[in-house]
Amino acid sequence: MKTMLKLVLGLLALPALAAEPQSVWLADLDLKLMSSGWGHAVANRSVTTQELAIVGQKFERGVGTHAESVLNIQLDGAAVEFTAQVGVDDHAGKGKGSVDFQILCDNREVWQSWPMKCGDAAKPVRVPLAGVKSLVLLAGDGGDGVNSDHADWAEAKITFTGAKPEAVAMPREEARILTPPAPAAPRINGPRVYGVRPGHPFLYRIPCTGERPIKFSAQHLPAGVSLNESTGILSGDLTDRSDRTYQVVLRAENAHGKCERNFKVVIGDTLALTPPMGWNHWYTHYNRITDELMRQAADVMVSSGMADAGYQYVNIDDCWMNAKGLSKYQTDEKRVGPERDASGNIVPNAYFPNMKALTDYIHGKGLKAGTYTSPGASTCAGFGGALGHEAQDAKQFADWGFDFLKYDWCSYGRVAGKQPDLAAMQKPYRLMGDLLKQQNRDIVFNLCQYGMGDVWKWGAEVGGHCWRTAGDLGFELNRVFEVALKNAEHREWSKPGAWNDPDYIQIGMIGTQTRRGTFELAHPCPLTPSEQYAFMSLWCMSAAPLFYSGDMGQLDPFTLNVLCNPEVLEVDQDELGQCGRVVPVGKKTFIMIKDMADGSKAIGLFNRGVVPARVKAVWSELGLQGKQRVRDLWRQQDLGVFEQGFEAGVPRRGGVLIRVWPAKP
Ligand code: GLA
């Protein structure tokens with residue numbers, strides 16, 4: 001008993017056990033996740049798989065890589081230090097190469113080597129890591145291109161006490177909601193201008209946030225249009241048959257306050273006076289789309305608040321028709337059947353029992369309905385297309401009550417031949433554009449032919465309102481920045497009624513199409529939260545059509561926040577219809593600046609690099625004079641008056657969106 005007591009007392013007297021530091025060699029982490037500008041990162045060898053050597057000094061341990069190279073390492077805050085000897089490997093050739101090694105801890109640069117050449121002695125590195133969660137090792141090109149930039153992280157190791165450091169594809173990022181919730185008092189959102197053709201049906205649900213019930217009212221409405229005071233839905237048949245502009249005033253009031261907004265209704269030939277906004281089923285439901293899922297999308301567009309932010313169209317994409325038989329893309333017997341009936345009318349497949357009932361359902365919510373077909377004999381996924389039945393189909397779409405048509409080139413290539421000239425490219429669109437204009441309702445016409453023949457130059461002339469400027473973004477989601485920059489090259493053709501379309505918004509839960517062509521069920525999109533904010537910012541700065549294409553059944557608060565910030569959407573929906581101008585700043589950073597109708601400018605500061613960067617908008621370089629009042633649009637926060645410019649830290653592959661007004665002197 002005595003010995004037992006002694007033992008217990010002895011144990012209590014021991015100091016608390018501190019974890020013994022351990023270490024891991026950089027070479028033992030998963031180097032597949034380390035990028036390398038040439039070849040690939042090699043464990044314990046140079047990038048050319050020779051012995052690691054810096055000015056004759058040989059190293060048994062280390063990693064050989066090539067600029068530009070990045071490795072992200074996830075720590076748990078309990079690491080001790082990172083140590084290494086860095087330099088350009090001798091095998092690059094004396095005097096050659098130039099590499100700048102850089103180390104970031106939790107997005108802050110903590111060490112840098114400045115450019116080193118082959119022949120420069122190895123530089124020792126010792127970086128303390130207490131509290132650090134994200135460690136980034138970078139080998140830059142020294143500012144002169146990547147030729148011979150053989151970069152060695154010799155003897156590199158991490159000492160740690162907690163969890164073992166882990167190489168990761170990208171630093172983990174928290175999905176932070178930047179925007180404050182909408183106030184309880186009403187706020188009318190959406191466009192300030194709206195085009196409709198004379199004598200046509202009118203339908204517009206006033207987008208308005210704020211606690212319900214809200215009482216709506218309106219002044220100076222066009223004849224034939226009436227307002228439902230509790231839903232805020234404007235509807236009716238325009239009795240005015242001449243071109244005219246109505247300066248409508250919309251009002252909304254609830255227990256917390258009231259608001260008012262001017263809303264110009266332009267009766268004339270031009271539709272889509274601001275970029276169309278809505279949802280399209282493609283990137284979620286692919287060949288699984290049903291009437292039920294379309295109704296769900298309409299329900300959620302209202303219940304989630306998307307309609308209150310301005311989303312309006314609920315659009316079907318491919319696969320609503322019948323296919324002739326089963327195929328790689330089409331494995332469902334219920335979608336196989338006659339493409340047309342005895343009178344040549346297109347037949348929806350068994351999942352769409354009644355198209356008119358579907359559009360009635362969508363319209364009942366004050367929303368609009370869109371459909372899809374191809375000018376070819378079949379659609380991209382192999383369903384019945386419009387070839388030879390264009391007039392009949394255009395009338396059918398109008399009779400069913402559709403308000404939007406996406407016309408997808410696809411198999412029309414077989415009609416037009418391998419190298420169609422401009423007239424041949426335009427022919428099917430001109431034909432359908434004319435037919436749609438003859439219908440008794442407004443149908444927004446979306447050309448989908450992936451940018452062929454510089455469609456931005458003639459899309460409007462053949463009756464189109466928006467056109468894809470490139471192939472499917474779905475395959476290239478990691479190229480969001482590059483696709484937006486390419487799209488912005490066609491900025492001079494962007495104007496009210498004529499929009500360049502870089503494809504749909506794919507954030508939240510989306511399904512991917514694999515390279516084998518199969519369609520996966522929805523899963524979280526691979527973009528980081530910063531990339532998702534940047535995605536939306538880029539599209540709005542470009543005055544792009546805004547079609548969310550994720551799963552409406554699985555919307556989460558973060559995704560809704562990115563989709564529904566009215567101040568950000570206002571940039572997209574601005575009356576001038578300008579696509580922002582791109583101003584390059586650094587190698588991986590750029591600014592977009594867009595004129596707004598009220599004389600202010602929207603400015604996006606973007607970083608498409610894989611490490612955080614500071615980006616500065618200098619007023620004089622952007623053509624702005626004098627001091628500017630700056631507002632952060634994602635945070636909906638006034639930042640104050642800035643004399644000469646505005647500088648912000650921009651996350652890796654992220655963006656910061658501001659709006660500036662000349663400050664009163
Ligand atoms: C093409 C289009 C997509 C989608 C599919 C449907 O790839 O570019 O947007 O409509 O066809 O099959």
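At roughly how many degrees do the axes of helix H9 and helix H10 cross? In this predicted model, local features need pLDDT of at least 70 and side-chain atom pairs count only at pLDDT 80 or more, while totals for chains, interfaces and linings use all residues. Residues are numbered from 1 along each chain as its sequence is written, and side-chain values use heavy atoms, with hydrogens and water left out.

The axes of H9 (residues 480-488) and H10 (residues 529-541) cross at roughly 5 degrees and come within 10 Å, where helices are DSSP runs of H or I with at least four residues, numbered from the N terminus, and axes are lines fitted to C-alpha atoms over the stretch in contact, with angles from 0 to 180 degrees between N-to-C directions. H9 and H10 are therefore roughly parallel to each other, a term for angles under 35 degrees. In the contact (heavy atoms within 4.5 Å), Val480, Phe481, Val483 and Ala484 of H9 meet Ala534, Phe535, Leu538 and Trp539 of H10.

Polar side-chain atoms lie 2.8 Å from a ligand oxygen atom for Lys406, 2.9 Å for Asp408 and 2.6 Å for Asp472, where a polar contact is a pair of N or O atoms within 3.5 Å. Taken alone the ligand exposes 310 Å², of which the protein buries 93%, with accessible areas from the Shrake-Rupley method and a 1.4 Å probe.

Terms used. Helices (H or I, at least four residues) and strands (E, at least two) are DSSP runs, numbered from the N terminus. Angles under 35 degrees count as roughly parallel, over 145 as roughly antiparallel, 65 to 115 as roughly perpendicular and the rest as oblique. A polar contact is a pair of N or O atoms within 3.5 Å; within protein, one must be able to donate a hydrogen and the other to accept it, and residues adjacent in sequence count only if both atoms are side-chain atoms.
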